[in-house]
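Here is a short report for someone meeting this structure for the first time. Look over the sequence and the model, then read on.

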Amino acid sequence: MAKVKTRYICQNCGTTSPKWMGKCTNCNEWETYVEEVVQPKSKASTKQQQLTGIVSPTKKAVSISRIESIEEKRLLTNDEELNRVLGGGIVPGGIVLIGGEPGIGKSTLMLQIAVHLQNHKILYVSGEESAQQIKLRADRIGVKNHNCLILTETNLYNVFQQLKSIQPQLCIIDSIQTLQSPTLESTAGSVSQIRECASALQQYAKQYNVPIFLIGHITKEGTIAGPKILEHMVDTVLQFEGDTHYSYRLLRTKKNRFGSTAELGIYEMLHNGLRQVSNPSELLISETNQELSGISIAATIEGLRPLLIETQALVSRSAYGTPQRSATGFDSRRLNMLLAVLEKRCGFRFGDKDVFVNIAGGIKVEDPAIDLSIICALLSSFEDVCVPQRVCFAGEVGLSGEVRSVNRIEQRLLEADKLGFKRMFISANHKGLDAKKYGLEIVFVSTVEKVYELLFKL
Ligand code: TYD
Ligand code: MG
């Protein structure tokens, strides 16, 4: 019998090597090489063609002006958040990859989309759960749809047979890591399997103009498992994130060939599925009537949406020699920087203090405009003086303690006004802003010291 030829592939970046190595020479990751069987290319591709029935015809180049423009008809789901994140609905023949941590709600989101699209034939392929488990989930969501067909299968060949006989208008694969092509001998979830299955599905989608959603697992580093090439292959990459201890979930676009990547969808996980959150600010601000120290409200922008978020800080005397620094939902290096700015510019001593910072709702904020609010929460807790109610902040803080201007300030002001805020602190650099246009008082500040004087100096 002929010797089986194998090679080693890095599961992180897809680099191949004839022998096993402890560290990948390309991405420098440790212990990522896995042995895989090499198939002669021609043999593998003809076998693949036989199985999937997809033959790519030879094509001729045409002038771009002779290509007819077609009016693309997007498929609109009942989920406004998803429609917006996709750039206005599902594009026919488009492949969408949706990644997220286990238990975050990827399967729930996709099943919910499937059962709500009543007049369309949908094929939901699950390689992870049994039909009964999916039925249980559908019962929780509580919508019946006779056109939503469930297939529990991991063999790519059988999936293609079903695709051909059912001819669905939308196909969902849960998940791409569980699919296995019989042409390859490597196990499901390996780089070559993922690449093979995804490319076969991509060809199907383009040939029959059927949109396909692929659910993808993510690695411990938070990137979608499998080769980077998977993200290149698909048209749209969505990331479903959130803290499983909280009920909020964010759907972000990381790549979109058919729309903007700045969109954001917000959901709340309830006992009967995911609920779309159309006005998130009201939920992210706790409704307490009494004033508490260490709390302040930031007017941030996530994607294109203004979002007012509560930031909390606790500054207390350190019980041990080494003071603790902890930040949830906020970059801890940035927190250290802000503390250093307060030490240097305002003369506060945090050397013997524990400092904890938390963003309400388990949400991670990357907008630098949150800095000013964090500073105020820290000062408020340090001095034990409350930030007055109905006051919010938007400003980036620089190394010399200056308050810098931030983008989309008009949108932030309008949102704060809409939610009944009375005063907003912003950078003095926002010149040319028509303050009378807004229903709330705008306080222009240039430095952190100025903010301290205005709010906390007794
Ligand atoms: P799931 O969609 O299975 O996550 P993923 O596919 O990303 O791994 O969702 C898992 C969690 O969602 C599970 O912990 C239970 C919770 N859940 C609800 O809270 N309400 C519901 O209606 C459903 C269906 C799930
Ligand atoms: Mg799942």
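The report below covers the ligand site, a helix, a cavity and a few single residues.

**The ligand site**

This is a predicted model. Ligand 1 has 15 residues around it. Ser107, Thr108, Arg137, Leu270 and Gly273 come nearest. By type, the shell divides into four nonpolar, seven polar and four charged residues.

Which elements each supply at least two residues of this shell? They are helix 3 (106-116), helix 4 (131-141) and strand 11 (264-270). Helix 3 gives the most, with three residues.

| Residue | Atom of ligand 1 | Distance |
|---|---|---|
| Ile104 | oxygen | 3.4 Å |
| Gly105 | oxygen | 3.0 Å |
| Leu270 | nitrogen | 2.6 Å |

In the Leu270 contact, the protein side is a backbone N or O atom. Taken alone, ligand 1 exposes 560 Å², and the protein buries 74% of that.

**Helix 3**

Rolling a probe the size of a water molecule over the atoms shows where empty space is left. How many cavities of 30 Å³ or more does the count give? The count comes to one. About 50 Å³ of space lies in the largest cavity. The residues that line this cavity include Leu86, Gly89, Ile90, Val91 and Gly94. Val96, Thr236, Asn256 and Phe258 also line the largest cavity. The lining divides into five nonpolar residues, four polar and no charged.

Gln193 sits in helix 6 (residues 191-208). Is Gln193 buried or exposed? Gln193 is buried, because its relative accessible area is 0%. The side chain of Gln193 reaches the backbone nitrogen of Ser181 at 2.8 Å.

Most residues other than glycine have a negative phi, and most peptide bonds are trans. The peptide bond from Asp174 to Ser175 is cis, with omega near 0 degrees. Ser175 lies in the loop between strand 7 (170-174) and helix 6.

Asn209 is in the loop between helix 6 and strand 8 (212-216). Phi of Asn209 is positive, near 60 degrees. Asn209 counts as partly exposed because its relative accessible area is 48%, and a residue is called exposed when it is over 50%.

The place of Arg408 is in the loop between strand 19 (403-404) and helix 11 (409-418). At 39% relative accessibility, Arg408 is partly exposed.

Ser260 belongs to the loop between strand 10 (248-256) and strand 11. With a relative accessible area of 33%, Ser260 is partly exposed. How many residues apart in sequence are Ser260 and Gly303? They are 43 residues apart in sequence. In space, their C-alpha atoms are 9.5 Å apart.

Note on methods:
Residues numbered from 1 in each chain as written. Chains lettered and ligands numbered in written order. Predicted model: local features only at pLDDT ≥ 70, side-chain atom pairs only at ≥ 80, totals over all residues. Heavy atoms only, no water. Near = heavy atom within 4 Å. Polar contact = N/O pair within 3.5 Å; in protein donor to acceptor, adjacent residues only side chain to side chain. Areas by Shrake-Rupley, 256 points an atom, 1.4 Å probe, with all protein chains shown as cover. Helix = DSSP H or I, 4+ residues; strand = E, 2+ residues; numbered from the N terminus. Nonpolar A, V, L, I, M, F, W, Y, C, P; charged D, E, K, R; others polar. 1 Å grid on protein atoms, 1.4 Å probe; cavity = no way out; pocket = protein on both sides within 12 Å on 5 of 7 lines; lining within 4 Å. Points joined across faces, edges and corners; volume = space filled by probe spheres on them. Buried < 20%, exposed > 50% of the residue type's maximum accessible area, 1.4 Å probe, protein only.
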